[in-house]
Amino acid sequence: MARVVVIGGGFGGLASAARLAKLGHAVTLFERSTRLGGALVEETEDGFAWDAGPTHALLPAVVRDLFRKSGRPVERELELVPLEVIREHRFEDGTAVALPGGSRAAQIAAFEALDPGLGRVWVDHVASYADDWDVLRREYLERPWQPDALPRELAARLDSREALHKRLRRAFRDDRLRLVAGHPFVADGHDLRNVPAWLGVTAYVEQRFGAWTVTGGMVALADALEQRLATRKVEVHTATEATDLVVRDGRVVAVRTATGDLDADVVVCAVDPRRLPALAGFVQRTMPAIPPVVAHLGLEGPVPDLPHETVLHGDPMLVVRTGGRAPEGHAAWTVHGRGHLAEDMLRALARRGLDVRAQVVARVDRSPRDLVERWGGSPLGVLWQGRTTVRRRLGPTTPIAGVYAAGAHATPGSGLPFVGLSAALVAQAVGPA
């Protein structure tokens with residue numbers, strides 16, 4: 001039985017702690033804030049509640065596997081709800097397309113309605129990623145990888161110089177299709193010229209597996225995992241920040257906190273490694289992806305009928321999410337803004353045809369700096385700066401013996417499914433007690 005310390009109580013830390021405890025290790029978790037959940041927590045104001053971070057995710061199998069391998073099946077803890085429409089895209093020319101998930105036929109119909117012939121163009125592009133998905137799933141997402149000993153097929157993809165921007169320009173003559181395919185990365189603050197082309201596999205995952213949300217909001221997922229840690233007898237310390245690692249002869253021996261050192265055989269870093277001086281030097285050539293400007297809105301009276309997520313393309317780009325919890329007769333929206341925001345977000349929203357200014361009865365604004373300070377780092381992980389970025393992240397192992405990395409800043413990257421997979425990779429690398 002190893003003495004394991006997990007640093008960080010976001011989704012990556014919670015998932016790592018649950019898996020390692022089930023494998024028989026003695027697990028302690030440190031979280032700097034007063035509650036667990038990280039970006040899964042909710043914002044509340046005047047009876048309204050909004051997801052502070054993600055509102056939906058891809059690959060529900062990742063969460064199902066986590067719960068199954070750490071205790072009871074997820075169906076006995078949570079209700080996972082599939083989204084018929086992942087998001088609606090509204091373009092500056094007045095056209096729009098609602099992107100369905102989990103169905104090739106539905107996506108063909110949606111793009112054909114946008115313009116005849118676009119359905120076939122779209123699904124041909126998505127199908128071009130089938131082989132990429134197979135290789136990435138087997139060799140990168142589900143198996144701990146060694147950067148200097150990559151299988152040939154995986155190395156060919158990770159080391160490719162092709163950027164997503166270039167691939168989308170080659171695949172689509174219609175700018176609207178480029179906007180749809182590139183949106184998940186633009187929304188997370190990336191420049192498509194710096195995003196590797198193989199990451200376009202996201203479109204394949206959306207079409208094949210769809211997206212889902214959780215009844216009660218993503219905070220319900222955090223609460224279920226917190227209960228799972230209690231069941232697995234994980235020792236949890238909130239309001240306790242890990243300030244560094246104690247390393248002797250190249251191996252970790254303890255985690256340092258303001259109240260003293262805790263001995264450890266294994267440490268899982270599930271936070272931005274820049275926060276730990278022992279690890280910071282290994283990631284000095286990376287940068288965090290910056291969160292968007294966020295406004296959580298509590299609205300009264302009838303509001304426009306929108307899907308779970310609506311993207312208003314342009315500059316600034318606005319994203320409206322409608323899945324918040326509200327009193328009867330009210331609605332809870334979250335608006336994200338990226339680009340040149342020279343005016344209040346509600347004014348920008350009104351100029352795009354969604355004027356709810358007179359209906360606002362509650363509002364919580366969060367700047368990118370607010371979010372980074374609140375979570376102790378960016379929940380969007382590492383900024384893509386070209387093909388070498390994938391090798392500059394840590395995880396699942398690190399150069400320090402006994403130290404592993406999970407979460408948005410680690411392999412395989414940000415987003416709930418990939419953070420969940422990072423915890424699974426760490427559990428594989430550590431192994432059973």
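Reader: In what order do the strands of the open sheet come?

Author: The order is β8-β7-β16-β17-β18-β15-β19, which makes 7 strands, and the pairing is mixed. Strands (E, at least two residues) and helices (H or I, at least four) are DSSP runs numbered from the N terminus, and two strands pair if DSSP finds at least two bridges between them. Before going on: this is a predicted model, where local features need pLDDT of at least 70, side-chain atom pairs count only at pLDDT 80 or more, and totals for chains, interfaces and linings use all residues. Residues are numbered from 1 along each chain as its sequence is written, and side-chain values use heavy atoms, with hydrogens and water left out.

Reader: Which strands stand at the edges of the sheet?

Author: β8 (96–100) and β19 (360–366) do. Each has a single partner strand, so one side of each is left without a neighbour in the sheet.

Reader: And what holds strands together in general?

Author: Strands of a sheet pair through backbone hydrogen bonds, either parallel or antiparallel.

Reader: In which sense do β15 and β19 pair?

Author: Antiparallel, over 6 bridges, with β15 covering residues 293–300.

Reader: New topic. How much space lies in the second largest pocket?

Author: About 560 Å³. The search runs on a 1 Å grid over the protein atoms alone: a pocket is an open set of points with protein on both sides within 12 Å along at least five of seven lines, a cavity is a set where a 1.4 Å probe fits but cannot get out, and lining residues have an atom within 4 Å of a point. Grid points are joined across faces, edges and corners, and a volume is the space filled by probe spheres set on the points.

Reader: Which residues lie nearest the centre of that second largest pocket?

Author: Leu 179, Val 186, Leu 192, His 313 and Gly 314, out of 23 lining residues. Helix α8 gives the largest share of the lining, 7 residues. Both α7 (164–171) and α8 (175–186) supply at least two.

Reader: How do the residues of that lining divide by class?

Author: Into 6 nonpolar, 8 polar and 9 charged. Here Ala, Val, Leu, Ile, Met, Phe, Trp, Tyr, Cys and Pro count as nonpolar, Asp, Glu, Lys and Arg as charged, and the others, Gly among them, as polar.

Reader: OK, and what lines the largest cavity?

Author: Arg 87, Leu 99, Trp 122, Val 180, Ala 181, Pro 184, Thr 202, Ala 203 and Glu 206. The volume of this cavity is about 50 Å³, and its lining has 6 nonpolar, 1 polar and 2 charged residues. Helices α8 and α9 each supply at least two of the lining residues.

Reader: Why is the pair of Trp 198 and Trp 384 edge-to-face?

Author: Because the planes are at 90°, with the ring centres 6.0 Å apart. The two residues are 186 apart in the chain: Trp 198 is in the loop between α8 and α9 (201–209), and Trp 384 is in the loop between α13 (368–375) and α14 (389–392). Both are buried. Ring pairs link Tyr 140, Trp 145, Trp 198 and Trp 384 into a cluster.

Reader: What about Gly 189, where is that found?

Author: In the loop between α8 and α9. Gly 189 is partly exposed, at 29% relative accessibility. From Gly 189 to Leu 383 the C-alpha distance is 7.6 Å, although they are 194 residues apart in sequence.

Key
Rings of Phe, Tyr and Trp (its six-membered ring) pair if their centres lie within 6.5 Å; planes under 30 degrees apart count as stacked, over 60 as edge-to-face and the rest as tilted. Buried means under 20% relative accessible area, exposed over 50%, partly exposed in between (1.4 Å probe, protein chains only).
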